Amino acid sequence: MLSFNPLRVQVGVKELTLDHAGDFSFISHAHSDHALKTRVPSILASEATVDLLKARGYASGENIVHEHYGTKLLGAGHVLGARQLVAEGDGGTIAYTGDFRLSDSLCVKGAEIPQCDTLLMEATFGSPEFVFPDRESVAKEIASWVTEKQKEGIVVLGGYALGKAQELNKVLNDYAGIAPVVEEGIAKINDVYVKHGVALDYVRSSSDEGLKELEKNFVAIVPMNRVNNNFAFQLSRAYSRRVSAAVATGWALTERFGSMQKFCLSDHSDFPELLEFAEQTGAKKIFTEYGSAKRLARELRKKGLNAHAVEEQQKLLMAWGE
Ligand SMILES: [Zn+2]
């Protein structure tokens, strides 16, 4: 029997933990900082993820393993370097998606669809209300809003530092002809994108060019958790100029962000894409995790698939139970 639980897969003689700390961990992408704050002796990840982990100070690079023990890493879309893990065993093929996006974004190609017997998939937006608008029209909407607001003052766009910030950067470059001002944390991630072939044009806020840019009505990309009404107010006071702020996230469909403008731009699959992905893998057994895990499992069962949500309790038991 192929040994499998939502945290681990047995690959040959090695036990591989999935996005959690262990002796040997598969890190699907560089968002998973919860797993990486603990020292992990060996990490299996894509080259781009390793570069991003280093840029973010999560890994030194010494603990990276290059032996895959028969596993395959497939593209997951989502953010640069994101991979799914596919492992073979006596009981069949297992696929673990990590976070994924099925369709292409401006910076990364969409996820590949693994053929597998058992599938462990994310369900962040796994509920029917999450149907994302067409990406191209959102990009155009952002570009025209920014162009309009820049005439009045400073424009600040908030998004996750890894993934969303680069997508916003690309939108500004390609749809508005703007090179945004970014602070060092985002600039370092941008550098890794550029190294891996994603063309991005941006200005470091601390550079000479950046300081000059800040004297004008600049457009800045800032980490999501920093952008709120108070931040806009402080910025407006510091520069004595009007500030327009917006956030870009999949949660724009259901959440409010104070009086800020919001754009629906996600690095995850929406509900229809999650269904499509699950069906096309041909999996006989599906486990869902994160977000709307229970709802997605129910919707998949309605389609005749054998799907169940991974309970947090079950995860903990499996992690610490022996
Ligand atoms: Zn992620």
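Glu184 is partly exposed, with a relative accessible area of 35%. In this predicted model, Glu184 forms a salt bridge with Arg204. The closest N and O atoms of that pair are 3.0 Å apart. The bridge links distant parts of the chain. Glu184 belongs to helix 5 (residues 184–195), while Arg204 sits in strand 12 (residues 203–204). The two are 20 residues apart.

Arg204 also pairs with Asp191, with closest N and O atoms 2.8 Å apart. This pair, too, links distant parts of the chain: Asp191 is in helix 5, 13 residues from Arg204 in strand 12. Arg204 counts as partly exposed at 24% relative accessibility. Asp191, at 30%, also counts as partly exposed.

Lys170 is buried, with a relative accessible area of 13%, because buried means under 20%. Asp174 is partly exposed at 49%; the exposed class starts over 50%.

| Salt bridge | N to O distance |
|---|---|
| Glu184 and Arg204 | 3.0 Å |
| Arg204 and Asp191 | 2.8 Å |

The whole structure holds 15 salt bridges. Arg135, Glu167 and Asp267 are linked in a network of them.

Next, the metal site. The zinc ion is coordinated by His29 (NE2), His31 (ND1), His78 (NE2) and Asp99 (OD), at 2.2 to 2.3 Å. In sequence, the donor residues follow the spacing H-x1-H-x46-H-x20-D. The four donor atoms subtend angles of 91 to 162° around the zinc ion, so the arrangement is irregular. A tetrahedral assignment would need all angles between 85 and 135 degrees.

The largest nonpolar core has 70 residues. Leu119, Met121, Ile142, Val146, Tyr193, Ile286 and Leu300 touch the most other members. This core draws at least three residues from each of domain 1 (4–130 + 268–320) and domain 2 (135–263). A second, separate core has 17 residues, including Val156, Ala232, Ala245 and Phe257.

What is Met121 in contact with, leaving aside its neighbours within four places in sequence? Its partners are Thr97, Phe100, Leu274, Phe277, Ala278, Ile286, Phe287, Thr288, Glu289, Leu296 and Leu300.

Definitions and conventions
Residues numbered from 1 in each chain as written. Predicted model: local features only at pLDDT ≥ 70, side-chain atom pairs only at ≥ 80, totals over all residues. Heavy atoms only, no water. Donors = N, O, S within 2.8 Å, 3.2 Å for Na, K, Ca; no water. Tetrahedral: all angles 85-135°; square planar, octahedral: opposite > 155°, others 65-115°. Core = buried A, V, L, I, M, F, W, Y, C linked by side-chain atoms within 4.5 Å. Buried < 20%, exposed > 50% of the residue type's maximum accessible area, 1.4 Å probe, protein only. Domains from an automatic or database assignment. Contact = heavy atoms within 4.5 Å. Salt bridge = Lys/Arg side-chain N within 4 Å of Asp/Glu carboxyl O. Helix = DSSP H or I, 4+ residues; strand = E, 2+ residues; numbered from the N terminus.
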